[in-house]
Amino acid sequence: MSLIYERMYVIAVVTAVAVVAAFIVTGMMSETYRSQARCYLPTQSDTLSLSDESGNLPTAPKLPTANTETQQALLGVLNSAELRTTVASQIGGRNSEWLEKNVKFDLDTFNFIVISAYDPEPRVAREIAETYLREFSSSLDTTTKQRVAENVSTLVAAIDRSTGLVAALESNRQAFLETNGSIDFSTEIAQYHTRVTRFQDSVEDNISARASLIKQREEVTKNFQLRPEFSQSGYTEVENPRLNQLRGEIATTNLELANLSLNVTDKNPEAIALRNKLALLNDQLASETATVESARAFSSDGMRNSYETRIAEFKVSEAALDVQANHYAKLLSESQTRLRELNRLKAGSEIIESELRNARETLRQQRDRHAELELYMSRTASFLMTADAPVEATKPYFPILWLNLLVATLLGIVFSILAIITSEQFARYREAAPW
């Protein structure tokens with residue numbers, strides 16, 4: 001029983017000594033204050049667009065990212081010598097080596113990045129945590145904005161080139177139009193389509209009219225040829241003078257025959273001759289008409305003259321139609337030639353117009369992108385969200401008296417137990433030794 005009390009006494013004494021030593025050492029240790037800042041990178045960043053409202057409206061709350069690679073990359077930036085040097089340059093009396101030993105970075109269970117700064121002065125600890133938080137956020141923003149600034153410079157140069165290209169294409173387009181004497185090929189082509197159609201109709205109408213004239217002329221010519229050149233225009237008759245002459249000769253012959261009959265016989269040759277003459281005269285008298293033609297008048301045929309006039313008119317009309325046909329054929333040929341040329345010029349103009357449209361669209365897109373980037377550059381919103389801002393500690397973080405006493409008590413108990421076990425093992429060894 002006494003052995004147990006003895007061991008407990010030893011344990012108590014050793015523990016008391018350890019506690020007293022811990023108390024004294026704690027009193028001798030310099031106080032260290034801690035200041036912490038908590039921040040996080042949201043899974044969704046703020047966006048602002050001039051052209052689309054869909055990205056301007058938040059769809060979910062800003063929560064810390066749980067992406068391990070992203071978190072490790074952020075811790076890598078915090079532990080970088082460059083960032084440490086930048087912070088040290090803003091903290092009086094603290095260099096980069098000091099910060100490397102007295103600033104810790106970690107992730108808590110809520111995926112917050114925890115920046116812990118330790119320093120004998122609470123103000124300095126808070127200043128270090130604040131500076132780290134500020135420079136860390138500025139580093140992320142500056143790096144991103146630097147890349148955006150480079151994009152802006154590239155876009156400005158591209159906009160200048162596109163502006164020059166648009167001006168050159170516009171100048172080429174105006175020169176092309178002026179050279180080819182047109183301001184609107186589509187309108188002029190439509191006009192020439194109308195002209196070609198009109199001239200084609202005129203040529204066809206002319207051909208139809210000429211064919212009709214030829215047919216009419218042939219018909220009139222046929223009728224003309226059937227008509228006589230002259231026609232009787234007058235006719236008069238008088239009493240036939242031959243009748244009176246024959247009657248007189250018959251009367252004379254009868255008288256001679258009567259006188260001869262007084263002196264000769266009927267068979268007298270002279271009497272026979274007179275009777276034959278009388279018979280002949282009677283026959284001639286019988287064959288004569290009572291009247292004979294006195295006068296007959298002839299004049300040109302009126303219908304023939306009319307036909308001849310119409311034939312002449314047809315020839316004049318045909319000649320006029322021939323002139324019109326040549327004129328319309330010439331206009332049609334010129335219009336068709338110009339139309340083909342306009343179609344070719346329009347194709348060339350459309351190529352220039354297409355290039356100009358593409359250049360203008362490219363310029364518009366570049367200006368929109370430039371405006372978007374300028375808007376982003378003008379914004380002050382940070383990628384990093386601050387969950388807890390660092391505050392100045394009112395109580396030291398080190399040393400912790402109760403923790404040191406607890407540790408000293410536990411170490412005293414453990415050390416005393418080990419000492420007792422060691423002493424007993426040594427005593428047994430001595431008893432068992434042969435010397």
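Q: Which residues is Thr 70 in contact with, leaving aside its neighbours within four places in sequence?
A: This is a predicted model, in which local features need pLDDT of at least 70 and side-chain atom pairs count only at pLDDT 80 or more, while totals for chains, interfaces and linings use all residues. Residues are numbered from 1 along each chain as its sequence is written, and side-chain values use heavy atoms, leaving out hydrogens and water. Thr 70 is found in helix α2, residues 68-78 (helices are DSSP runs of H or I with at least four residues, strands are E runs of at least two, both numbered from the N terminus). By the contact criterion (heavy atoms within 4.5 Å), the partners of Thr 70 are Leu 41 and Thr 65.

Q: What distance separates the C-alpha atoms of Thr 70 and Leu 41?
A: Along the chain, the two residues are 29 residues apart.

Q: Is Thr 70 buried, partly exposed or exposed?
A: Buried means under 20% relative accessible area, exposed over 50%, and partly exposed in between (1.4 Å probe, protein chains only). The relative accessible area of Thr 70 is 27%, so this residue is partly exposed.

Q: Why do the buried residues of α3 count as being on the same side of the helix?
A: In helix α3 (residues 81-88), the buried residues are Leu 83, Arg 84, Val 87 and Ala 88. They lie on the same side because the arc they cover around the axis (taken from the directions from the helix axis to the C-beta atoms) is only 135 degrees.

Q: Which helices do the buried residues of α3 pack against?
A: Those buried residues are Leu 83, Arg 84, Val 87 and Ala 88. They pack against α2, α4 (96-102) and α5 (122-179).

Q: What percentage of the residues in the chain is buried?
A: The chain has ten helices and six strands. Of its 435 residues, the buried ones make up 27%.
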